[in-house]
Every structure is written in C-alpha cells, then in structure tokens.
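Colleague: I would like a close look at one part of this model. Please keep it plain, and take me through it step by step.

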Amino acid sequence: MNEKTNQERLRLYLVRHGEVEGAADGKLLGRTDAPLSKRGLEQSHALAEALSDAQLSAVYSSDLLRAKMTAEIIAQRGNLKVQESSAWREIDMGEWEGRTLAALHRETPGLVAQIFNDPASFEYPDGESFAAFTARVQAALVQLLTTHDGSDVALIAHGGVCRAIIGNALGMPAKYWLRLEQAYCSLNVIDWYDHTPTVQLLNRICP
C-alpha cells in the first residue's frame, strides 16, 4: 500500500489568470492592473466548468484585477468568497512595466540575459528583486499549507507566481523556471503530503 494513502493530503489547484486585454502586444505586466479580455473571460468560465466537481474549501487570489476576475468566476461555482492578497501578485517589474522584451533587449541586452541566466540575483530597475519576490510567494504558500491541511484549495495568480511554486515543488534551480510554460488560464495540480509536494498536472489548458 502506498504510505501516502494514510496521510492528510492538501490538493492545490494552481491557476494562471485568463488572457488580458492587449495580450497580443506582448507587453510585460507585473504590478500593472489589466482586466481580462473577452477571451480571458471565456477561458475562466471554461476552467470553472472543468473544476465543477472539485471539492474546493477555499479560493485564493492575487489582488490584481486579472486574477480576481478569474477567481471570482471559479468561486461562484461553489458559492465561495475569494480571499485576495497582494502576496500573490506578479513580480513588480518597475521601469520595465508595459515594455516588450524585444525592445528591452535592444536597449539592455545584458540585463535581459540575466533574467534567463541568473534570475536569483536579478532586480528589475526601480522594481522588485527576484529574491524578494520568491520569498513573499513562499511565505504565503507556507501559510496556505498550514491553514488548509487536508483539503482542496484553488489559487489564481500569475505566470511568475505559478512558476515559483511549481519550480520549488520540483526542486528546480530558478534559472530553469522560465522553461515551465504557463499559458493563460492554465491549470496545475500539486498535492502535498506532510508538506512534501507531488506535481500531478502541469499547464493543462481547458477548451
């Protein structure tokens, strides 16, 4: 018998928010508070339908609009109240907010390369450091795991937050986290047994 069957399991349904308005422009969005596009709303309803059989005890969300809108659609299925927090926000990209990576690479190729090669020491100009970002996400996750041991919980956040949680769960060095695709409204499932994670599903996109 698998020894995990005798342990309390917390299942986290980890979701990146739906598509945002202006997504086709490819602009970086960290603290910028963009709403969902029409497509993003459709994606959120499709995901809510896919999660309709999940026995959710709580729905958590970043307090940024794109995540809250997605979370509220999911929470309505179970008559749950969204518990929002700034701890789940995307990393603050400072002066890079609203810019494209292509434009930034032309101006500061060394800094852009650092995001991929050595993110642990990277800090966005006039923004948040990668170390501070991962520390706040990890602290919020520990609190969630402690509060909801033995239940099913949904967390709707951002691409960077999802990658940080998944990357840590898999024991991946941070420089590889950007290799984890996180599409708009993608679903990931992670089980924790006694605070030991098992990744069950990655980047599932609902039709």
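Colleague: How many residues does the largest nonpolar core have, and which of them have the most contacts inside it?

Modeller: Keep in mind that this model is predicted. Its largest nonpolar core has 36 residues. Leu12, Trp88, Trp96 and Ile165 have the most contacts inside this core.

Now for the elements behind it. Those giving two or more residues include four strands: strand 1 (9-16), strand 2 (56-62), strand 4 (152-157) and strand 5 (187-193). Helix 4 (109-117), helix 5 (130-147) and helix 6 (159-170) also give two or more. Helix 5 gives the most, with seven residues.

Take Ile165 as an example. Set aside its neighbours within four places in sequence. Ile165 is then in contact with Leu14, Trp88, Val137, Leu141, Leu155, Ile190 and Trp192. Trp88 is, like Ile165, among the residues with the most contacts inside the core.

There is also a second, separate core, with 20 residues. Leu47, Ala48, Leu56 and Ile73 are among them.

Helix 1 (residues 38-50) and helix 2 (residues 65-77) pack at about 30°, and their axes are 9 Å apart. Angles under 35 degrees count as roughly parallel, so helix 1 is roughly parallel to helix 2. Their crossing is right-handed. Helix 1 makes the contact through Leu41, Ser44, His45, Leu47, Ala48 and Glu49. Helix 2 uses Met69, Thr70, Ile73, Ile74 and Arg77. By class, this contact has six nonpolar, three polar and two charged residues.

Technical notes:
Residues are numbered from 1 along each chain as its sequence is written. This is a predicted model: local features need pLDDT of at least 70, side-chain atom pairs count only at pLDDT 80 or more; totals for chains, interfaces and linings use all residues. Side-chain values use heavy atoms; hydrogens and water are left out. Axes are lines fitted to C-alpha atoms, for helices over the stretch in contact, and angles run from 0 to 180 degrees between N-to-C directions. Angles under 35 degrees count as roughly parallel, over 145 as roughly antiparallel, 65 to 115 as roughly perpendicular and the rest as oblique. A crossing is left-handed if the near helix is turned anticlockwise from the far one by less than a right angle, and right-handed if clockwise. Contact means heavy atoms within 4.5 Å. Ala, Val, Leu, Ile, Met, Phe, Trp, Tyr, Cys and Pro count as nonpolar, Asp, Glu, Lys and Arg as charged, and the others, Gly among them, as polar. A nonpolar core is a set of buried Ala, Val, Leu, Ile, Met, Phe, Trp, Tyr and Cys residues joined through side-chain atoms within 4.5 Å. Buried means under 20% relative accessible area, exposed over 50%, partly exposed in between (1.4 Å probe, protein chains only).
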